[in-house]
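Student: Could we go through this structure together, one question at a time?

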Amino acid sequence: MTARRGGAPTTLRASPEPVAVVRGGLVDYRQAWAWQRHLAATRAAGDVGDVLLVVQHPPTYTLGTRADPANVLLDDDGLRRAGIERVRIDRGGDVTYHGPGQVVGYPIVGLSGPRVVDYVRALEELNLRMLADHGIVARRIEGLTGVWTDRGKVTAIGVRVSAARVTQHGWATNVTTDLGDFAGIVPCGIDDRPVTSMAALGATAAVEQVAEDSIAAFADVFGATLTAATPDEMGLDAIDPVPADGPN
């Protein structure tokens, strides 16, 4: 697995070793969260190298550490009728939506010491590059996180960086996502800016192609070489999901 185009290596990553890319397919949110927690612990211990998880999720609203519960507009009955799970998690930020038709990237990376904001800017940059390759003009907005177009946010970003400087969580780019599911929340607590998708912006690429292009852009921005790995090879098949009442 190689990047599409050469990118000058950055100083974001602490390790020059290849990044293992794990494509998990459609994974329950609590299962993928457990995978992240396991990989972050083993990365901090030096037992594995850097990993990039690329997945999709069933419909899920996630609330970050600073989330206002009022930004989930559906009550428990409404969530059941909509078939959407609500999960409070340990990343920064407010409430967002995950669902089929997104490319979700979770880098489990040991940082070399940059500010967390510099790492977030790198996640924005890889999506800006990927979107440009699909003919979508996108940008940052000062004071806000994520990637934006004239018709709304297309990539949401929320991260956690441990005391050991290992990252969790990451980005979610709407490709063919059902935008109607965003109506049940105030996305990221911002009530005056809409959410959009690559399909709504005229892009015709399939989710699988966007995932491939996002992985290549990650390699460019982080100056990384990549290797492919399976969940089984990374020891993830034996990991139980995070329980409904949160981490132990």
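Predicted model: local features only at pLDDT ≥ 70, side-chain atom pairs only at ≥ 80, totals over all residues.

Student: Which radius of gyration does the protein have, and what would a compact globule have?

Tutor: The C-alpha atoms fill a box of roughly 45 × 45 × 30 Å along the principal axes. For 248 residues, a compact globule would have a radius of gyration near 18 Å. The protein agrees with this, with a value of 17 Å.

Student: What share of the 248 residues is buried?

Tutor: A residue counts as buried when its relative accessible area is under 20%. The accessible surface of the protein comes to about 10,600 Å², and 50% of this belongs to carbon and sulfur atoms. Of the 248 residues, the buried share is 53%.

Student: Among contacts between residues at least 6 apart in sequence, what share joins residues at least 24 apart?

Tutor: A contact requires heavy atoms within 4.5 Å. Counting pairs at least 6 apart in sequence, the share that joins residues at least 24 apart is 78%.

Student: How far apart are the mean positions of the positive and negative charges?

Tutor: The protein has 23 positive and 30 negative charges. The distance between their mean positions is 5 Å.

Student: Is helix 4 enclosed or open, and how many of its residues are buried?

Tutor: Helix 4 covers residues 207–222 and reaches 22 Å from its first C-alpha to its last, close to the 22 Å expected. After the helix comes Gly-223, with a positive phi near 60°. Helix 4 is largely enclosed by the rest of the structure, because its buried residues number 13 of 16.

Student: Which residues is Gly-24 in contact with, leaving aside its neighbours within four places in sequence?

Tutor: Gly-24 lies in strand 1, residues 19–26. Its relative accessible area is 23%, so Gly-24 is partly exposed. The C-alpha atom of Gly-24 is 9.8 Å from that of His-57, a residue 33 places away along the chain. With neighbours within four places left aside, the contacts of Gly-24 are Trp-35, Val-54 and Val-55.

Student: Is Thr-96 buried or exposed?

Tutor: Thr-96 belongs to strand 5, residues 95–98. Beyond four places in sequence, its contacts include Thr-60, Tyr-61, Thr-62 and Ile-185. The relative accessible area of Thr-96 is 10%, so this residue is buried.

Student: How far apart are the C-alpha atoms of Ala-132 and Val-116?

Tutor: Ala-132 sits in helix 3, which spans residues 116–133. At 48% relative accessibility, Ala-132 is partly exposed. Ala-132 and Val-116 are 16 residues apart along the chain, and their C-alpha atoms are separated by 25 Å.

Student: Where is Arg-165 found, and what is its phi?

Tutor: Arg-165 is in the loop between strand 8 (152–161) and strand 9 (167–174). With 25% relative accessibility, Arg-165 counts as partly exposed. Although Arg-165 is not a glycine, its phi is positive, at about 70°.

Student: Is His-169 buried or exposed?

Tutor: His-169 is placed in strand 9. Its phi is positive, near 60°, in a residue other than glycine. With a relative accessible area of 1%, His-169 is buried.

Conventions:
Residues numbered from 1 in each chain as written. Heavy atoms only, no water. Rg over C-alpha atoms; globule rule 2.2 N^0.38 Å. Buried < 20%, exposed > 50% of the residue type's maximum accessible area, 1.4 Å probe, protein only. Areas by Shrake-Rupley, 256 points an atom, 1.4 Å probe, with all protein chains shown as cover. Lys, Arg positive; Asp, Glu negative; His and termini not counted. Charge placed at Lys NZ, Arg CZ, Asp CG, Glu CD. Helix = DSSP H or I, 4+ residues; strand = E, 2+ residues; numbered from the N terminus. Expected span 1.5 Å × (residues − 1).
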